[in-house]
Amino acid sequence: MLTLTFDNRLIRELPGDPIQQNFTRQVHDCLWSAVTPTAVKQPQLLAYSHEVAAMLGLSETDMQDPSLIDALGGNGLLPGMASYATRYGGHQFGHWAGQLGDGRAIYLGELLHQGQRFELQLKGAGETPYSRSADGRAVLRSSLREFLCSEAMHHLGVPTTRALSLVTTGESVVRDMFYNGNPQFEPGAVVCRVAPSFLRFGHFELPASREEFALLKQLIGFCIERDFAQWWPTSGLVLDTQSPSPALIEAWFAEICRRTAVMVAHWMRVGFVHGVMNTDNMSILGLTIDYGPYGWIDNFDPGWTPNTTDAQGRRYCFGRQPDIARWNLERLAEALATVLPDNHGLDAGLRDFDREYISQLTRMLAEKFGLDRWQDDDGDLMNRIFELMTRAEVDQTLFFTQLAALDCQQPQVSTLKEAFYTEHGWQQFSAEIQQWLDVYAQRLHQSSLSPAQRQQRMAAANPIYVLRNYLAQEAIDLATAGDSRRLHTLLQVLRQPYTRQPGMEAFAQKRPDWARQKAGCSMLSCSS
Ligand code: AMP
Ligand code: MG
């Protein structure tokens, strides 16, 4: 039997639901409910992340241990584990939605390894008191997407929750993928997610909305002490965990703002669109969380949203992500303001978001374009090319990897030809892009970097391999048909997204034409 060390602080230190039965309900004055994962027919380990296993102290042999695989599929707990679901609320698509909570995520406790603490959470492990009318399950399609993307994002250097394992359940789950009266059976799966904390903005919003102020303060104190253990001593402020001081809450909020800004700037850098930036999907640690109908930018387009539910409003499209992150932080600020004398300190935190976002974005853009540093008129230069890329349908990822190959003595637009999606776009815009390249080359001449240094800088900021929507979909189709080799190849390739890998050219191409309008490749549904 595996021996792992668990120390389940959340359920030990925060108030839990006195009701033990598992039925859907409103839960008051506490933060979690005890619940056991619902056993599945036949848990099978389809894939796991070597890096996450190592981070948790699990060897390759441990990962084949039937008791661990059972636990990762929801068929039993290992010694020290505890299972529970937490209560949170949230603003969905701009509106307060009341109590949400872990409707299909069940925690397995807090694992300690080498001085670090990791919450483990099964997604798709059965109903909880927060399941409302849904079944608590997840399908292979969405689980594979979450598993692969969490790891891909980590290797890209984007703050994210991680994924240890992808387990198929041997059971079917019914989903009406496009909510159009076509329910189908799909294979079920469970992902074990890992993060230092899964607390979300919504965990704080719900007690505020219910005027559970003592509970809110207790949660804030707990979160600062456990999840911001590295940060709060640097704040120079004293922590009273039952009732943290206004100054500490405000400083902590500013830290959340800064982390959120860093996360979103990275999303813009790599071309990631979250797709459902509701406040219940925002991590308090500034980690990318809840991989649902997310998507990757192929042709650069700030108005693109992968989420079919968002196709009309485009609230969560690529270009609006920074504004929405700020809007979400404003909702968190409103919740925190209920236990503070005034809003001044929180407003300062929001301004920190603005400052940090601009500082991160300009730094990352300077790297992407291979500039030594950001100058004031660089914004105009970049906006011009982004506008041309949108109109000409140019692939974001290929554009930047090819731009690095540009000869800045004799810039030629033909260097970028591969990044154009259509002949029409090439015919119509290549002359304007050539003009832009001439200006860009002049800008490079003012830079202190040698061509080799410029290329090195660009290579570190511009991924070659990203989890394009169609690549994930191909892996899903194959895995659903029983062939998981593609999943494993992709997982392997995405481990080194900035390094060209011989034989893996197929994963560094622009989206093929057949995938332009295909479900799963350009349109994603919330149904998962
Ligand atoms: P999401 O849109 O995935 O962020 O989910 C919003 C809320 O719905 C959260 O409270 C989820 O736990 C819950 N939820 C989503 N899918 C399911 C499901 N299949 N069963 C139970 N709850 C779910
Ligand atoms: Mg969610």
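I began at ligand 1: one of its oxygen atoms is 2.8 Å from a polar backbone atom of Gly103. I count a polar contact as a pair of N or O atoms within 3.5 Å. The model is predicted, and local features need pLDDT of at least 70, side-chain atom pairs 80 or more, while totals for chains, interfaces and linings use all residues. Residues are numbered from 1 along each chain as its sequence is written, ligands are numbered from 1 and chains lettered from A in the order written, and side-chain values use heavy atoms, without hydrogens and water.

I checked Gly101 next. A polar backbone atom of Gly101 is 2.6 Å from an oxygen atom of ligand 1. For Arg132, a side-chain N or O atom is 2.7 Å from a ligand 1 oxygen. Alone, ligand 1 exposes 480 Å², by the Shrake-Rupley method with a 1.4 Å probe. The protein buries 81% of that.

Then I looked up helix H6, residues 213–227. Helices are DSSP runs of H or I, at least four residues. Its 15 residues should span 21 Å at 1.5 Å a residue, and the end C-alpha atoms are 20 Å apart, so the two agree. The expected span is 1.5 Å times one less than the number of residues. In H6, 11 of 15 residues are buried, meaning under 20% relative accessible area (1.4 Å probe, protein chains only). Ile220, Cys223 and Ile224 are among them.

What does Trp252 contact, leaving aside neighbours within four places in sequence? I found Ile220, Cys223 and Ile224 among its contacts, with heavy atoms within 4.5 Å.

Notes
Helix = DSSP H or I, 4+ residues; strand = E, 2+ residues; numbered from the N terminus. Buried < 20%, exposed > 50% of the residue type's maximum accessible area, 1.4 Å probe, protein only. Polar contact = N/O pair within 3.5 Å; in protein donor to acceptor, adjacent residues only side chain to side chain.
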